[in-house]
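Have a go at each task before you read the solution.

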Amino acid sequence: MESHSHPFVSVIIPVYNDAERLKLCLEALENQTYPQTGYEVIVVDNASDETADIKGVVTQFGQAIAAYESTPGSYAARNKGISLAKGEVIAFTDADCIPASDWIEKGVQHLLNTPNCGLVAGEIKIFFKNPERLTPVELFEKVTAFEQKDYLENYKYGATANLFTFKTVIERVGSFNSSLKSSGDVEWGQRVAAFNYQQVYAANACVAHPARYSFKQLYKRTTRIVGGAYDLHWKKNNLILQRNRILLQALLADLLPPLNFVVKTFRDIRLQGIEEKLRVSLVMFFVRYVSAWERIRLMIGGASIRE
């Protein structure tokens with residue numbers, strides 16, 4: 001990249017009790033092909049336990065600075081990072097991600113080469129604890145997790161595990177909805193699209209993300225997503241009867257057998273043999289019924305949770 005194509009970049013990483021994987025992320029960000037004088041890394045501790053010692057991890061890396069946000073939720077933490085950012089370009093990733101060595105370089109190239117660009121959504125590659133022996137949940141993640149290109153083309157957003165934008169775009173469309181614990185990237189990306197900015201998928205701006213491998217992890221993710229959708233779409237509806245009617249429709253949809261998903265799964269060439277396809281299908285039943293239970297909990301007055 002020529003010198004004129006090196007705008008200063010602020011990389012923002014929210015973290016909550018994940019010091020071990022944060023260290024791997026920061027190691028990758030310390031060794032980027034982008035000039036080290038051209039970027040900063042802002043790690044926002046979202047009220048982690050003291051034993052995590054997030055600040056102690058951050059101080060080990062020359063490119064990184066530590067910040068703190070007490071309001072629960074990664075979007076509140078990202079907003080804190082935005083408020084401190086010096087960069088013309090803002091990049092987002094997560095503490096459990098490992099960016100490729102040319103991640104910043106490629107993301108910035110796409111931003112600069114796309115007229116009226118509002119956001120760049122980079123590829124998120126899933127990796128596994130033991131690739132030779134995947135758990136049912138890992139198999140499920142293999143075919144469902146972080147379909148970034150699909151998010152962008154069909155839903156007009158990119159997951160914040162790998163996202164680039166200009167600070168001027170944020171200043172125009174606004175920052176993330178800090179009240180959301182999930183789906184904040186959906187709401188913000190669709191806001192960017194509503195302002196008629198271009199959105200582009202970048203297959204060569206990659207981060208690696210660990211697959212969830214246990215039903216406990218998948219349970220937490222599912223309840224967080226349902227809670228985020230509730231806060232985003234339904235909680236703001238002050239007409240209680242109408243809100244509950246919509247929630248009831250979603251609940252009934254969860255309780256119906258996921259036959260379309262099962263058919264799609266059995267046609268998926270990424271899965272080998274009947275056993276893998278059956279395992280993935282059964283995991284979807286788990287996800288559906290966890291979603292249904294969480295909707296019931298929210299309907300009777302429960303609050304969304306962060307994880």
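**Exercise 1.** Find out which residue in β8 is the bridge partner of I98.

*Solution.* Keep in mind that this is a predicted model. Start at I98 and step across to β8: the partner there is A208. Now zoom out to the strands: β5 and β8 (residues 198-210) are joined by two bridges and run antiparallel.

**Exercise 2.** Work out why one side of β3 and one side of β5 lack a neighbour in the sheet.

*Solution.* First, write down the order of the eight strands in this open sheet: β3-β2-β1-β4-β7-β6-β8-β5, with mixed pairing. Next, look at the edges, where you'll meet β3 (64-68) and β5 (98-99).

**Exercise 3.** Describe the surroundings of β7 (residues 162-166): are its residues buried or exposed?

*Solution.* Take the partners one at a time. β4 (residues 89-93) runs antiparallel to β7 and is joined to it by five bridges; I90 pairs with T165. β6 (residues 117-127) is also antiparallel to β7, with two bridges, and A121 sits opposite L163. Then check the side directions: N162, F164 and F166 point one way, L163 and T165 the other, and all are buried. That's five out of five residues of β7.

**Exercise 4.** Decide how α11 (residues 259-266) is oriented against α12 (residues 273-299).

*Solution.* Their axes come within 9 Å and cross at roughly 155°. Angles over 145 degrees count as roughly antiparallel, so that's what α11 is to α12. The crossing is right-handed.

Technical notes: Residues numbered from 1 in each chain as written. Predicted model: local features only at pLDDT ≥ 70, side-chain atom pairs only at ≥ 80, totals over all residues. Heavy atoms only, no water. Axes fitted to C-alpha atoms, helices over the stretch in contact; angles between N-to-C directions. Helix = DSSP H or I, 4+ residues; strand = E, 2+ residues; numbered from the N terminus. Parallel < 35°, antiparallel > 145°, perpendicular 65-115°, else oblique. Left-handed = near helix turned anticlockwise from the far one by under 90°. Pairing = 2+ DSSP bridges. Buried < 20%, exposed > 50% of the residue type's maximum accessible area, 1.4 Å probe, protein only.
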